[in-house]
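Thanks for coming, everyone. Let me walk you through one structure, starting from the inside. Please have a look at it first.

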Amino acid sequence: MPHWSVYTGSSEPHDGIDRLPAPPPWRAFDGEPVVPPPRDADDEAAVSPDRVHRARSYVATPQSVELVNAALVLRRPLLVTGPPGTGKSSLAYAVARELDLGPVLRWNITSRSALADGLYSYDPLSRLYAARQAARAGAEGDVESLGGGVEDHLRLGPLGTALLPYERPRALLVDEIDKSDLDLPNDLLNVLEEGQYEIPELMRAARHSAADATAEVLADGSDTPVAVTRGRVRCRAFPFVVLTSNGEREFPPAFLRRCVRLKLRRPDHAQLTDIVRAHLDTPPGEAERLIGRFLTRAADGELATDQLLNALYLTGVTGLDTDSRDALAEQLMPYLSTTADGDGF
């Protein structure tokens, strides 16, 4: 049996995902028809430069490496909790790049997000408009058929796309799930547990179609249609799902027990030094001085690592003298809450 660990945290792309051990019997999926993987993750022209940099420069901890591998082997979502700026969302990009999982599918959660938003969107008004336009142009047929098929006005969302029967896992980032309303974590339970969902609009259309009733629909982040048979989608390779949380709320026990849980903590001095080296070419003395100032301030209030990076970058390009750089850095590292000193600075 191959070694269970496939993610190393090195950020160098490799084919380790092909050596992923077989899933537990209760987490094996058999969706069809098989969808080929998207363009390679190392085709970085297809990915925005900021996300490429985020993936390349991510500094993984031994704990994060171990729990990422646990989530991959168990085919379970990874719930990543931690303060702002600790690299929760960057982890998804780093894993996707190293394991060549293709572009990350991202679902940004708000208080109005519902399960349907992540699965797919359907616009009946655009279909009606298309039908009326065709009728005005003199086309023959009933209004519904003139509007085209349901699939012409439907697009899969990030969650719906991740659960397509890809032959290799896709990476899905569900960002800031603690911002959702109380129902969303529970609504996710069945979809993530079963690895499948239904599209009622396509199922209704299938009842009046040929035996196979296969529709070609657009997936999130792609203009290449994928086949959906009789309105049912079931995964084949369970996606690598990262759910991030700032720890601002409690989740239902039923939701928590279905996740592998990773809690990220504030980076210490050594970790901050590694992070700075990965992101910036900063003189060691200058970096050391600002890291020390950052840690001193962080002892009295909440700060994020990207504030340190902003301060290091800007003070490095301004050409200011030492005192002026220190004053500028101080302004770039305000506390994220007002509890530390009463005014946020």
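**Core, cavity and charged pairs**

Start with the largest nonpolar core: it has 42 residues, and Leu156, Leu159, Leu188, Leu243 and Phe255 touch the most other members. By nonpolar core I mean a set of buried Ala, Val, Leu, Ile, Met, Phe, Trp, Tyr and Cys residues joined through side-chain atoms within 4.5 Å. Buried is under 20% relative accessible area, exposed is over 50%, and partly exposed is in between, with a 1.4 Å probe and protein chains only. Helix α8 gives the most to this core, five residues. Helices here are DSSP runs of H or I with at least four residues, strands are E runs of at least two, and both are numbered from the N terminus.

A word on the source. This is a predicted model: local features need pLDDT of at least 70, side-chain atom pairs count only at pLDDT 80 or more, and totals for chains, interfaces and linings use all residues. Residues are numbered from 1 along each chain as its sequence is written, and side-chain values use heavy atoms, with hydrogens and water left out.

Back to Leu188. What does it contact, leaving aside neighbours within four places in sequence? Trp107, Leu115, Leu159, Ile177 and Leu243. Contact means heavy atoms within 4.5 Å. A second, separate core has 31 residues, including Leu67 and Val80.

Next, the second largest cavity. Among its lining residues are Arg27, Leu189, Leu192, Glu193 and Phe255. A cavity is a set of points on a 1 Å grid over the protein atoms alone where a 1.4 Å probe fits but cannot get out, and lining residues have an atom within 4 Å of a point. Helix α8 (residues 184-194) gives the most to this lining, three residues.

Now the charges. The structure holds 18 salt bridges. That means a side-chain nitrogen of Lys or Arg within 4 Å of a carboxyl oxygen of Asp or Glu. Arg234 and Asp30 form one, at 2.7 Å from N to O. Arg234 sits in strand β9 (residues 232-234), Asp30 in the segment before α1 (49-57), and the two are 204 residues apart.

Another pair is Arg106 with Asp175, where the closest N and O atoms are 2.6 Å apart. Arg106 lies in strand β2 and Asp175 in strand β5, so this pair ties together parts 69 residues apart in sequence. Buried or partly exposed? Arg106 is partly exposed, at 22% relative accessible area. Asp175 counts as buried, at 10%.

Last, a network: salt bridges that share partners join Glu286, Arg289, Arg293, Arg297, Arg325, Asp326 and Glu330.

Notes. 1 Å grid on protein atoms, 1.4 Å probe; cavity = no way out; pocket = protein on both sides within 12 Å on 5 of 7 lines; lining within 4 Å.
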